[in-house]
Amino acid sequence: MIVTISGTNDLHRKKELDGIVQVFLAEHGDMAIERFDGEDTPSERMIESIQSMPFLSVRKLVVLREPGKQKSFAEGIANILEAAADSTDLVIYEPKLDKRGVYYKTLKKQTDFREFGELDAFALAKWAVGYVSEKSGKVSQTDAKLLIDRIGANQQLLQSELDKLLAYNDEITKNTIELLVERLPQSTVFELVDAAFSGNPQKAFQIYREQRALRVEPQAILAMLAWQLHVLATVKAGAPRTADQISKEAKLNPFVVRKSQGIARQLSLGQIKELIADLLDLDMRLKRSSIDADEALQLFLLRLANN
C-alpha cells in the first residue's frame with residue numbers, strides 16, 4: 001500500500017492519516033511504524049526506511065511528512081516508489097503540491113492519491129450541524145453559517161470553535177457565538193467591503209472601529225483590503241466560470257470565491273482596477289507622508305460605498 005494524502009482541508013487530511021495509522025497500529029503495534037519529517041530528515045534516510053525490511057514484524061508502516069522538501073527525494077520519486085519493499089506500507093503526507101511538477105504527477109499516477117479540499121459554505125454549515133449533533137448539542141444551519149462567516153472556512157478551526165461553544169452550552173446560538181467567538185480579521189475585511197459596496201458606510205465604519213479597538217493597525221487593514229480587491233479582480237476576470245473552476249485555477253478557497261461573486265457582479269473590471277490603483281496610491285501616501293491613516297482609510301471606504 002502506497003498512499004498520498006494531500007489537499008487544503010487540514011481536518012480531513014489529519015483524520016485520514018490518523019485512521020490509517022490506527023488500523024495498522026492495531027494489527028502490528030507501534031514498533032512497526034516509522035515516521036520522518038522531510039523538513040529535517042535527509043532523503044537517503046527516508047529512502048533507506050522505504051526499502052528496508054521490517055524488524056520483529058511481518059510488515060511496517062513508513063509515514064513521511066512533506067518528503068518533497070528534500071529536492072533529491074522529489075526528483076527521484078519514480079525510482080523510490082519502484083524500489084519500495086513489498087513488506088512496507090508507505091504514506092506520503094504532502095498538504096501542498098505544485099500540480100505542474102513531475103513530483104505531483106508521479107504521486108498522482110503511481111500511488112493511491114487521496115486529496116481533501118475545503119468544503120463550500122453550505123456543506124461546511126451542514127457538517128457543523130451534524131458534528132454538534134454527534135456531540136449531543138444543537139445548532140441551527142443559520143447559526144452555523146454565522147459562525148463560518150465570523151471565522152472563515154477552515155474546517156479544523158471551525159471544529160475547535162464548536163468544541164469551545166459546546167463546552168459553554170450544549171445549545172449554540174447567535175448570542176453565544178457573538179459572545180465567545182472573535183471575528184478573524186480576514187473574515188471581517190469581507191464584511192467591511194460588503195458593507196461598503198452595499199451602500200452602508202456606517203456599518204463599514206463600525207466594523208473598522210471594532211478592528212481598531214482590537215488593535216489591528218491601519219496598514220494591516222489596508223493589506224487585507226488589497227487582498228480582497230485582488231480576489232474581486234480574479235473573480236471578475238474569471239467569469240463566467242463557476243466558483244469551483246475559478247478557485248482551482250487561481251488557487252483560492254472556494255468559500256472565498258463564492259462570497260466575492262456577489263460583489264463582483266456589481267462592478268466592472270475597470271472599476272475594480274481603479275479601486276486597486278486608488279488603494280495603491282493611498283498606501284504610497286501613508287508610507288511617504290504623515291497623513292492620518294484612520295481618516296484616509298475611512299475615506300476610502302466611503303469611496304467604495306459611492307462606487
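The following legends describe close-up views of a predicted model.

Local features are given for pLDDT of at least 70 and side-chain atom pairs only at pLDDT 80 or more, whereas totals for chains, interfaces and linings use all residues. Residues are numbered from 1 along each chain as its sequence is written, and side-chain values use heavy atoms, with hydrogens and water left out.

**View 1. Five strands form an open sheet with parallel pairing.** The strand order is S2-S3-S4-S1-S5, where strands (E, at least two residues) and helices (H or I, at least four) are DSSP runs numbered from the N terminus. Strands S2 (33-37) and S5 (112-115) are the edge strands, each pairing on one side only; two strands pair if DSSP finds at least two bridges between them. From one strand to the next, the twist averages 15 degrees.

**View 2. Strands S3 and S4 pair in the parallel sense.** Six bridges join S3 (residues 60-65) to S4 (residues 88-94). Valine 62 stands opposite leucine 90 in S4.

**View 3. Helices H12 and H15 are roughly antiparallel to each other.** The axes of H12 (residues 218-238) and H15 (residues 269-288) come within 10 Å and cross at roughly 160 degrees; angles over 145 degrees count as roughly antiparallel. Residues of H12 in the contact include Leu222, Leu225 and Leu229, and those of H15 include Ile272, Leu275 and Leu279. By class, the contact of H12 with H15 has 14 nonpolar, one polar and three charged residues. Ala, Val, Leu, Ile, Met, Phe, Trp, Tyr, Cys and Pro count as nonpolar, Asp, Glu, Lys and Arg as charged, and the others, Gly among them, as polar.

**View 4. Phenylalanine 255 lies in helix H14 (residues 254-264).** Phenylalanine 255 counts as buried because its relative accessibility is 6%; buried means under 20% relative accessible area (1.4 Å probe, protein chains only). Not counting residues up to four places away in sequence, phenylalanine 255 touches Ala121, Ile148, Asp149, Gly152 and Ala153. Phenylalanine 255 and lysine 287 are 32 residues apart in sequence and, C-alpha to C-alpha, 33 Å apart in space.

Methods:
Axes are lines fitted to C-alpha atoms, for helices over the stretch in contact, and angles run from 0 to 180 degrees between N-to-C directions. Angles under 35 degrees count as roughly parallel, over 145 as roughly antiparallel, 65 to 115 as roughly perpendicular and the rest as oblique. Contact means heavy atoms within 4.5 Å. Buried means under 20% relative accessible area, exposed over 50%, partly exposed in between (1.4 Å probe, protein chains only).
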